[in-house]
Amino acid sequence: VLGWVRRRVDPGEKLGKDFYMAEFFFDLVFFVGFLFSYYSLVGSDSDFLSSIQANLLPGPLVVVQIGLFLLLVANRVIYLFRSLKGKLLHHCLLTGLYFASWWVIFLNPARHQNPPKEVQLLFFVKAAQLACSAQQIKYGYPRTATSRLTDDYSPVKNSVYVAFRSVPFIFELRSLLDWTFTRTTLRFYHWLTLEDIHHELLSARADSATTKEQKRPLGSPQPWWVKCGSGGCGFAAITLVLFMPLLYYSSFSPALSANSINATSVSLSFTGLPPLYSSQVLVESPLNSVDTVELAQRIQWTRRATLERQQFSDQSLQVLTLPLYSLTAWALSPPVLRELLSALTGKVGPSLTLTAQLTRVLGFGPATVEVAQTKPLSPRTQMDLAEAITRTLNRTTPGPGGNGTAPSNRTTAVRLPCMYSPFLFNSPVSIGIHPGFTGCTETQDCYITFLAEEGVVYTSLQCRALFNFGNGDRPGHRWSPEELACFRSGRGCPRYDNASSNSGHAR
């Protein structure tokens, strides 16, 4: 074994060949490929672009990428020193890691499925790099250092060199490594000057070869296709670099995805007072089934304003059904309650504000968005609210005029006409009322009911449904004859349902 190792690391009888460029190419492909294949390798449903959008990369991925980069640096340093001993150690280390990874991914009986195609391709690329490394050990390094890409001109070498110089910082990193680990009397900026001389010589060879190929007479103007290719493409590339970041972070970015709502809280309150009604809904997952798409198409048929302004598609619709009863009780101090009743019975009463706080999944714009809709009350609605509050309080107040009962022929439910717009538009940066539903004819009616139980006053809120018999998000939903006719023929579609009773309203 020792004799075999001595023969491998003895450069005396070896002619020397340079396999560094081929090895570096396969190393670079493996480095970039692992970045995108990591998620398939670990069996994750995510991907690299999703991690970038979420501003969170897996820690193991970052550690492995740093390790691969350090191996690239080590291989370059070994190449600069022409050290076959170091190359052999480096090759044995990579080969051991390769076969260990091969056993874990391909031969491990604990894995019950074959690795994806991209992972298999990644192993093939690494095998090609190890083959080049083995050939380098077999033939040894050249006696003198060469720059390879700038030695002579060929279209392939020139294209590779241009691509190499175009990658940010890679030329500077290579120059720093070469100067640091090469015996030279030059200062670093002199070394960079030498690199620039090689660059200019290669550019001159390329220009001479292009002129000879085009057979252009000396002093003649440049042809139009050269102007379009170099000038036009260069101008377009610089313009793209200037405006691509702006486009990427705009609302037209192709990286934007459905930013669904995962939590909603709704409150209804008089101006400046605690909520009459409050509720909260946690959304486990966005609605993206076939039923959701069907429901969206039905809303298109029956809601003309929506059809004109917004085309629904898969994963674009969320139907949130709020609880019927308020999560909290409604309690006011006696002086504040007297002021409220006085304002409701006066000429200028308070307004009702429906506030929705919506929390979204992704981080585009604010995480939590508040949408408030304020409704001025008519004198009739103010009187109905004052009467309903008084009657409900009388139920909980014993004694004359407050014996804990209410006449059976009266109700504490109050109609709130044109209360709110049910359609919210979820844009990448904010959430707002859909532009097609701003007038009174495009909003929903609601009923608020004041209830008293065990000395606690609370409310229930019911609002008009999207359809005649609910919001269409329940299994076995029933459709009215006019809605069925609308779905089948597209004619006579009602803009809203005709439910008028409190029992026919959905939440």
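Helices (H or I, at least four residues) and strands (E, at least two) are taken here as DSSP runs and are numbered from the N terminus. The structure is a predicted model, in which local features need pLDDT of at least 70 and side-chain atom pairs count only at pLDDT 80 or more, whereas totals for chains, interfaces and linings use all residues. Residues are numbered from 1 along each chain as its sequence is written, and side-chain values use heavy atoms, with hydrogens and water left out.

The chain contains 15 helices and nine strands. Of its 507 residues, 35% are buried, a term that denotes under 20% relative accessible area, with exposed meaning over 50% and partly exposed the range in between (1.4 Å probe, protein chains only). Among the contacts in the chain with a separation of 6 or more, 67% are between residues 24 or more positions apart, a contact being defined by heavy atoms within 4.5 Å.

Cysteine 418 is located in strand 5, which covers residues 413-420, and its phi is positive, at about 50°, although the residue is not a glycine. With a relative accessible area of 17%, cysteine 418 is buried. Its backbone nitrogen is reached at 2.7 Å by the side chain of aspartate 445, a residue of strand 8 (residues 444-453). Aspartate 445 likewise counts as buried, because its relative accessibility is 7%. The side chain of aspartate 445 is also joined to that of arginine 415 by a polar contact of 2.8 Å. A polar contact is a pair of N or O atoms within 3.5 Å; within protein, one atom must be able to donate a hydrogen and the other to accept it, and residues adjacent in sequence count only if both atoms are side-chain atoms.

Helix 8 (residues 170-180) packs against helix 9 (residues 188-214) at an angle of about 120°, with the axes 10 Å apart. Helix 8 is therefore oblique to helix 9: angles under 35 degrees count as roughly parallel, over 145 as roughly antiparallel, 65 to 115 as roughly perpendicular and the rest as oblique. The axes are lines fitted to C-alpha atoms, for helices over the stretch in contact, and the angles run from 0 to 180 degrees between N-to-C directions. On the side of helix 8, Phe171, Arg174, Ser175, Leu176, Asp178 and Trp179 meet Phe188, Trp191, Leu192 and Glu195 of helix 9.

Arginine 82 lies in the loop between helix 4 and helix 5 (84-107) and has a positive phi, near 55°, in a residue other than glycine. Its relative accessibility of 21% means that arginine 82 counts as partly exposed. Valine 336, in helix 13 (residues 334-344), is partly exposed as well, at 28% relative accessibility.
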